[in-house]
Amino acid sequence: MRSDAARADRNRSRVTTITLYALLVVLSLPFLYPTLWMFFSSFKPANEIFVQPPALLPREWTLDGFAQVFTAQPFLQQYGNSMYIAAIVTVSSILLSAMAGYAFARIRFPLRNAAFTLMLAAMMVPTEVTIIPIFTAVNAMGLNDTHWPLIILPIFGPTSVVSVFIYRQHFLSFPKEYEEAARLDGVSRAGVFFRIALPLAKPAIAAVGIMAFLRSFNMYFEALIFLRTPENFTLGLAITRYQDFYGEQMWNTQLGAASLTVVPILVVFLIAQKQFVQGLAQTGIKG
Amino acid sequence: MSSRRPRPGGNGWLGVAFVAPQVLGVIVLGVVPFIFVIWYSFNEWRPLTGEMEFIGLDNYYRLVADPTFSASIIASLLFSAGVLVLNLVIAISLAVLLNRRMKGITGFRTIFFSPVVVSVVAWSVTWGFLLAPDGGINGALAILGIDGPNWLADPSTALISLVVVQVFKGVGMNMVLFLAALQSVPEEIREAAHLDGAGPWRSFRSITVPMIAPTILLTGILTTIGSLEVFAPVQLLTGGGPGDTTNVLPFFLYRTAFISQQFGYASAIGVVLFAIILALTMLQWTTRRRWVHDEV
């Protein structure tokens, strides 16, 4: 009797488990299939992209699309542009936002709450709203078609507030005893930050670094507004310019450029996904 | 908001110095340009001729009478509502499904999160191929004997297609935040409820939801703001069409400013866009006392 019940229980739980896996596999499709299709389709000849019935894998594998990625546009240079801009933005954000986040959490100074409220309010102003005065200012400074606006805006502009916020949340829960002990040993306040608080803020650094890198590397609107010559393009803008380049469709080339943009980031993400996801979750933008 | 008071001390200047780069940055690149936008919105300004003329509220009168603007507001609100509801429902459902010890659960979490790291341009372009009349989605439907619509060119499906593209791109981020929130719900409370005879749905509604309410509020606000700022998928997939059904405010602003070169009129659109974001954020924030018991 007892073992029957236990067996029924186990059977039911096995059915539940199988149902759950089946559900998760079906739910995975819209998340996974587009990326897989993009990747494999960049190995298809252009005339196979819209072939019916649709197929994930190429019937005929070719590297033609990839070859044209580099001949139709200065793609390597565009890749370099995106990489160096994202590197500057990431490193600067990690440091500058940490200083601001630490001060907002731990140092009392005049107008602190007013300044923090202002930062939060700025999050509600989309880039599109303020782009006109910024565009005219960039023009007046002769910085149109340069990378300056794409570097300065994400580091200092309203989109950087999220980073400050993540750091502030982190430092609010940072144990005061560490700091007090250091202060007793005669370490200055700035020294406490640089030598103790910041080195111990690794989850926040990871979260801010990842978000700043993705924000910069995937930036599109600003690139569209400010960049004019293909040599200066960043990747997002470059991908959109493979259509009708010679008056013909370069579908597989465009997908190849998209794959080359996405796959390296995905590989890094897969390797470091634990730190990646947990870093974002732990320092969470939660209360 | 601040739960802990900072230690008093003679470090005021250090604090000011530490926040200065970011606070000045937000003022110079956010607040000041926004004040300029308000000023521009009272002017007729076509950058090609370079002339700027004060016209008072005329741009706003023109907006009210402009059918493209009404269509744009409707597109933005529908898009935002669709993204908000779908995103939160999917994010919470996935988080609940993944919040258990099971083989391979990390793999599924990775899959659901992966579009977050994919470039929005690559993601949009790929969906453009899949949603094309002879693309993969209609091809799959054809196998089932269904004649799929021209998703991005049909007024009845274009906006919802954009909602889907946007939701699958970003929902992984919210899912991760909800997972973190769920993991902070003590197992004992759910077990106690189970012993008291509460079913899974009752337990979810009466225990889980109240405990993750602060996360619902925050992700709700951030998702709303993000959806009202949408640009790349619209520009790359529908160009605002068909017939302005997907001409959301940021895209309408972009076209007015940089295609038809009307900076004053575009600035008025920008002011309205900000007002909508402000109003919806305040709405969610002020209703929090009714359903968020934990102070955020």
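Helices 11 and 12 of chain B

Tutor: Helix 11 (residues 249-259) of chain B packs against helix 12 (residues 263-286) of chain B at an angle of about 165°, with the axes 8 Å apart. This is a predicted model, in which local features need pLDDT of at least 70, side-chain atom pairs count only at pLDDT 80 or more, and totals for chains, interfaces and linings use all residues. Residues are numbered from 1 along each chain as its sequence is written, and chains are lettered from A and ligands numbered from 1 in the order in which they are written.

Student: What makes helix 11 of chain B roughly antiparallel to helix 12 of chain B?

Tutor: Angles over 145 degrees count as roughly antiparallel. The angle here is about 165°, so helix 11 of chain B is roughly antiparallel to helix 12 of chain B.

Student: Which residues of helix 11 of chain B meet helix 12 of chain B?

Tutor: Two residues are in contact if their C-beta atoms, placed from the backbone, lie within 7 Å. On the helix 11 side these are B:Leu249, B:Pro250, B:Phe252, B:Leu253, B:Thr256 and B:Ala257. They meet B:Phe263, B:Tyr265, B:Ala266, B:Ile269, B:Gly270 and B:Leu273 in helix 12 of chain B.

Student: How many residues of this contact are nonpolar, polar and charged?

Tutor: The contact of helix 11 of chain B with helix 12 of chain B has 10 nonpolar residues, two polar and no charged. Gly counts as polar, and Ala, Leu, Ile, Phe, Tyr and Pro are among the nonpolar residues.

Student: How much of chain B is buried?

Tutor: A residue is buried if 20 or more other C-beta atoms lie within 10 Å of its own. Buried residues make up 46% of the 296 residues in chain B.

Student: How many helices and strands are there in chain B?

Tutor: Chain B has 13 helices and two strands, where helices are DSSP runs (H or I) of at least four residues and strands (E) of at least two.

Notes:
Axes are lines fitted to C-alpha atoms, for helices over the stretch in contact, and angles run from 0 to 180 degrees between N-to-C directions. Angles under 35 degrees count as roughly parallel, over 145 as roughly antiparallel, 65 to 115 as roughly perpendicular and the rest as oblique. A residue is buried if 20 or more other C-beta atoms lie within 10 Å of its own, exposed if 12 or fewer, and partly exposed in between; C-beta atoms are placed from the backbone.
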